[in-house]
Amino acid sequence: MKSSSSLPDAPAAPSRRELNKAATRQAITDAALALLRSKGPGGFTAEDIAESAGISRRTFFNYFNSTDAALASVTHGFLDIVIRQLQLRPAEEPLLEAAQAALMALADPRTVEPLAELFALTQHSQLMAHTELEAWDHCRAQVFTVARDRVAAAPDGSDELYVHALAGSVISCGKAAMEVWFSRRGPDLSPASLAELRQLLIDAMALLGSGFTPPAGAGTSTSPATPARTSAPSAAHSS
């Protein structure tokens, strides 16, 4: 019999139809990001994205209802990876510890690159404010779903207020990490910069898990490529 600490079974392999849909979605998001780089905010339409992706306008709207939604989905790939890692954590592990471990499991800093690039490209643009909100709202919904499922599996059952507050707090900490990273690095997407962003995200989860207890040496700065750890000194600068 499987113990309570056993990891979930691996999901079934996706069908060819699912793979084709995923490939189309990825082509659309790649095209949207490329157009954002080359033409800037507000410089292209859904029709431009469809043409660049090699699909029809109708197909574009089968996947996304706006250019904002297509751009927001750029970050979803990163989030999906984190969610998959989170779902692999033991069911009895506290959610914030599981979230931190999931981020630590992303050893390649390049996994955060789409998240970082969209954040950098949407700063200082009123036209892109809705895109950023769309991306973070998707993140909040995903985190809420995972939190609800994990808390519901606990012996004392789920609590609606707790789950809503937790999901919102996780997203706020993630945004704080992004803002601190951008204030330090700007649009720099070098491996060292991405490693710092990954660490800030890990540290932000640690701060939340500790109840925002100020870490020892909070006034000292950290190096960009600080190894993964369970304390959270680098994120302390976000306050």
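Predicted model: local features only at pLDDT ≥ 70, side-chain atom pairs only at ≥ 80, totals over all residues.
Which residues line it? They are Thr75, Leu115, Leu118, Phe119, Thr122, Glu132, Ala135, Trp136 and Cys139. Sorted by class, the lining of the second largest cavity consists of six nonpolar residues, two polar residues and one charged residue.

How many cavities of 30 Å³ or more are there? The count is three. In the largest cavity there is about 330 Å³ of space. Its lining is made up of 20 residues, and those nearest the centre of the largest cavity are Leu79, Val82, Val143, Val170 and Ile171. As for the classes in this lining, 19 residues are nonpolar, one is polar and none is charged. Several helices take part: helix 5 (76–87), helix 6 (95–104), helix 8 (129–152), helix 9 (160–185) and helix 10 (191–209) each contribute at least two residues to the lining of the largest cavity.

The space in the largest pocket is about 570 Å³. This pocket is lined by 20 residues, and Arg25, Gln26, His76, Gly77 and Asp80 are the closest to its centre. Helix 1 (16–39), helix 5 and helix 8 each provide at least two residues of that lining. Which helix gives the largest share of the lining of the largest pocket? It is helix 5, with eight residues. By class, seven residues of the pocket lining are nonpolar, nine are polar and four are charged.

Finally, please look at Arg37, which is placed in helix 1. Is Arg37 buried, exposed or partly exposed? Its relative accessible area is 47%. Buried would require under 20% and exposed over 50%, so Arg37 is partly exposed.

What does Arg37 touch, once residues up to four places away in sequence are set aside? The residues touched are Glu117 and Leu121. Arg37 and Glu117 lie 80 residues apart in sequence, and their C-alpha atoms are 9.5 Å apart in space. Their side chains make a polar contact with each other, at 2.5 Å.

Thank you for your attention.

Key
Residues numbered from 1 in each chain as written. Heavy atoms only, no water. 1 Å grid on protein atoms, 1.4 Å probe; cavity = no way out; pocket = protein on both sides within 12 Å on 5 of 7 lines; lining within 4 Å. Points joined across faces, edges and corners; volume = space filled by probe spheres on them. Helix = DSSP H or I, 4+ residues; strand = E, 2+ residues; numbered from the N terminus. Nonpolar A, V, L, I, M, F, W, Y, C, P; charged D, E, K, R; others polar. Buried < 20%, exposed > 50% of the residue type's maximum accessible area, 1.4 Å probe, protein only. Contact = heavy atoms within 4.5 Å. Polar contact = N/O pair within 3.5 Å; in protein donor to acceptor, adjacent residues only side chain to side chain.
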